[in-house]
Amino acid sequence: LLKTYKSVVTRNYLLIFRETVSLLIDNGQATSIEATPFVGDLNDPGNKLRESAFFHKAVQCFWIGHTERCRYYSEKCMPILGPLAQLTTYMSKFYHALNSLDLIRKKNSTKGKEVARVAIPAIRDAAASSDWNFTNKLRLLEAEQQSLRQTHRKAIPLYEAAIESAKKSGFIHE
């Protein structure tokens with residue numbers, strides 16, 4: 001694809017996605033492409049790669065366990081997501097909420113509770129529109145929230161529902 005698309009912006013989008021996928025597969029160890037994305041000045045509101053760069057950095061930080069960095073990039077990403085980035089918006093809210101719930105466990109963050117409180121209804125709306133893509137994420141957030149409240153009897157069936165929903169949708173990685 002990198003040879004096919006000559007647009008610098010498209011090439012950089014593909015490289016940003018490739019970095020994320022490579023990190024998820026093997027922590028970025030076995031990559032056959034030497035090229036790296038050039039994202040430019042991420043403080044420039046006109047930068048077309050800004051939204052994607054912040055979103056992917058948040059996802060990458062989430063998966064490698066850098067919770068504070070994930071929070072930082074999620075908070076940078078959320079305000080700039082455009083109206084056409086509906087999937088990215090929902091996914092950003094999901095990762096930000098799941099990461100915030102983890103931070104609550106570690107630091108008892110009240111800000112994290114608010115992030116989760118706002119994200120769960122948004123993910124519930126997404127699940128109503130796209131059951132196969134979001135129900136597992138919704139159940140996982142709900143289970144994590146119940147676990148934090150020490151209501152394990154409520155959390156266990158929600159974890160089980162998240163697993164079943166992910167299996168049903170073919171999301172073996174989730």
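Residues are numbered from 1 along each chain as its sequence is written, and side-chain values use heavy atoms, with hydrogens and water left out. Because the model is predicted, local features need pLDDT of at least 70 and side-chain atom pairs count only at pLDDT 80 or more, while totals for chains, interfaces and linings use all residues.

## The core

In soluble globular proteins, nonpolar side chains tend to be buried together. A nonpolar core is here a set of buried Ala, Val, Leu, Ile, Met, Phe, Trp, Tyr and Cys residues joined through side-chain atoms within 4.5 Å. Buried means under 20% relative accessible area, exposed over 50%, and partly exposed in between, with a 1.4 Å probe and protein chains only. The largest such core has 30 residues, and Y90, F94, Y95, I123, F134 and L141 have the most contacts inside it. Two or more residues of this core come from each of α2 (50-63), α3 (67-77), α4 (86-107), α5 (110-129) and α6 (131-148). Helices (H or I, at least four residues) and strands (E, at least two) are DSSP runs, numbered from the N terminus.

Contact means heavy atoms within 4.5 Å. Not counting residues up to four places away in sequence, F94 touches I123, K137, L140 and L141. K137 also lies over the face of F134, at 5.8 Å from the ring centre; a charge sits over a ring if NZ of Lys or CZ of Arg is within 6 Å of the ring centre and within 35 degrees of the ring normal. F134 is touched in turn by A126, which also touches Y90, again not counting residues up to four places away in sequence. A126 belongs to helix α5 and is buried at 1% relative accessibility. Between A126 and P37 there are 89 residues in sequence and 30 Å in space, C-alpha to C-alpha.

## Aromatic pairs

A pair of aromatic rings is described by the distance of the centres and the angle of the planes. Rings of Phe, Tyr and Trp (its six-membered ring) pair if their centres lie within 6.5 Å; planes under 30 degrees apart count as stacked, over 60 as edge-to-face and the rest as tilted. By this rule the count comes to 8 aromatic pairs. In one of them, the ring centres of W63 and Y95 are 6.4 Å apart and the planes stand at 75°, so the pair is edge-to-face. W63 lies in helix α2 and Y95 in helix α4, so the pair ties together parts that are 32 residues apart in sequence. W63 is partly exposed at 41% relative accessibility, whereas Y95 is buried at 9%. Ring pairs also link F62, W63, F94 and Y95 into a cluster.

## Cysteines

A disulfide is a covalent bond between the sulfur atoms of two cysteines. It is counted here as a pair of cysteine sulfur atoms within 2.5 Å, and the structure holds 0 disulfides. For C61, the nearest cysteine sulfur is that of C70, 6.5 Å away. C61 is buried, at 9% relative accessibility. For C77, the nearest cysteine sulfur is likewise that of C70, at 10 Å. C77 is buried as well, at 1% relative accessibility.

## Single residues

| Residue | Relative accessibility | Class |
|---|---|---|
| N47 | 15% | buried |
| E51 | 25% | partly exposed |
| R124 | 40% | partly exposed |
| Q150 | 58% | exposed |

N47 is in the loop between α1 (8-26) and α2. A polar atom of the N47 side chain lies 3.0 Å from the backbone oxygen of D41, and the side chain of N47 reaches the backbone nitrogen of L49 at 2.8 Å. Leaving aside neighbours within four places in sequence, N47 is in contact with V39, G40, D41 and L42.

E51 is in helix α2. With neighbours within four places left aside, E51 is in contact with C77, I80, L81, G82 and A85. E51 and T88 are 37 residues apart in sequence and 9.1 Å apart in space, C-alpha to C-alpha.

R124 is in helix α5, and its contacts beyond four places in sequence are L138 and E142.

Most residues other than glycine have a negative phi, and most peptide bonds are trans. Q150 is not a glycine, yet has a positive phi of about 65°. Q150 is in the loop between α6 and α7 (152-169).

Methods: A polar contact is a pair of N or O atoms within 3.5 Å; within protein, one must be able to donate a hydrogen and the other to accept it, and residues adjacent in sequence count only if both atoms are side-chain atoms.
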